[in-house]
There are 2 protein chains.
Amino acid sequence: MLEGLRAAGVRVTAARRAVVHALVDADDHVTADELAERIADRQPDVHRSTVYRTLDALERLGVVTHVHLGHGRAVYHLTDRMHQHAVCEGCGLVVELGDDVLGEVQARLERETGFVVDPHHFALVGRCRHCAQRV
Amino acid sequence: MLEGLRAAGVRVTAARRAVVHALVDADDHVTADELAERIADRQPDVHRSTVYRTLDALERLGVVTHVHLGHGRAVYHLTDRMHQHAVCEGCGLVVELGDDVLGEVQARLERETGFVVDPHHFALVGRCRHCAQRV
DNA sequence: TTCTATGCAAACGATTTGCAGGGAG
DNA sequence: CTCCCTGCAAATCGTTTGCATAGAA
C-alpha cells in the first residue's frame, strides 16, 4: 500500500506510515482523533491536522473511505473492508450491515426518480434492539 | 399552535411568534440560519441563538422536526409535513420521498437484527439524475 | 411578583487552512 | 535542488451555553 502511494506520486513519510499502520491495526469505525491518539503513543509529534490531511490523501487514492455515523463524528476504514452501517442514537452502537441492505430501495429509486443512493457515505440511524425497547 | 405552546406552559413571545410564522410560510427544508434571516427582515433584533432555542422548544413539544441533510446543515419543518428526504451530494438538490421508501428494509432489519431504523432523522445521500451522469 | 426567554459574546467540537520551515525524491 | 509534506496556530461552520436583564403570566 505504501508502495502504491509512491507509485501515485505521493511521498511516503513517517507520519503517513504511522497513519497507514494505525488504520490496518484498527478494528473498524475509528475516528480521525482516535487514530491521532493511537499514533501519538509512539510518535507524539504527528499532529492531528496531518492525520486529517493524510486520511484525505489516502481517500483520494481510493484506499480509505469515511462514513458519517450521525452528528459530527466521521469514522474511517480501509476501502476493501467496506460495508454499510447502522448507528444507534441511544447508545452509539454501530451495527455492521451487508452491502446489499438497500438493494431493492436503491434500484427502485433509481428507476423511478433517477436518484442514485450512496449507501456507504452516511449510516442509517435508529435504535438498537436494547434502546428501542426503552423509548 | 401558539395556544398549544401556552397550554404546555411555554411562554408566547414576539420571537416565538416570528419563528412559528416563518416556519409556516416556509417551503420546506429551511435551515435555522435561513429562518433567522427571514425573521430579521421584520424583526432585526431576534438573535440566531433565540431561533435555535425556539426551534428546540418547538421540537420538544413535537410540532417541529429537524432533518440532517448531510455535512452540517440541518433543516426544519413542521412535524405534520413530515416526509423522507434524499440529498444530492453534487448540487445539493433535496428530493422529497414518500414515507414508505424504506418500508421493506426497515421491516427486515427489525426482524433480523432488532434494529429500528429512523428514516426521518437523516436523509439518504447520493446523486440526483443530473449529477449521477457526470461522475 | 416570579421565573422563563432573550440578546450578546464567548465556547463548542470537528475539521480545514495559511504560513514558513523540514525532508522525500 | 525542488516541491511536497509537516507542525503550529488560527480560522471555519453550525450550534450551544453562561450571563445579566427584559418581559410574559
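Of the DNA strand D atoms within 4 Å of the protein, 65% belong to sugar or phosphate, and the rest to bases.

The elements giving two or more residues to the surface near DNA strand D are α2 (14-25) and α4 (48-60) of chain A, together with α4 (48-60) of chain B.

## Basis of the model

This is a predicted model: local features need pLDDT of at least 70, side-chain atom pairs count only at pLDDT 80 or more, and totals for chains, interfaces and linings use all residues. Residues are numbered from 1 along each chain as its sequence is written, chains are lettered from A in the order in which they are written, and side-chain values use heavy atoms, without hydrogens and water.

## Chain A

Chain A has six helices and seven strands. These are DSSP runs: H or I of at least four residues for helices, E of at least two for strands. Their order along the sequence is α-α-β-α-α-β-β-β-β-α-β-β-α.

The C-alpha atoms of chain A fill a box of roughly 45 × 40 × 20 Å along the principal axes. Of its 135 residues, 44% are buried (under 20% relative accessible area, 1.4 Å probe, protein chains only).

Conventions: Buried means under 20% relative accessible area, exposed over 50%, partly exposed in between (1.4 Å probe, protein chains only). A residue is near a molecule or strand if one of its heavy atoms lies within 4 Å of it.
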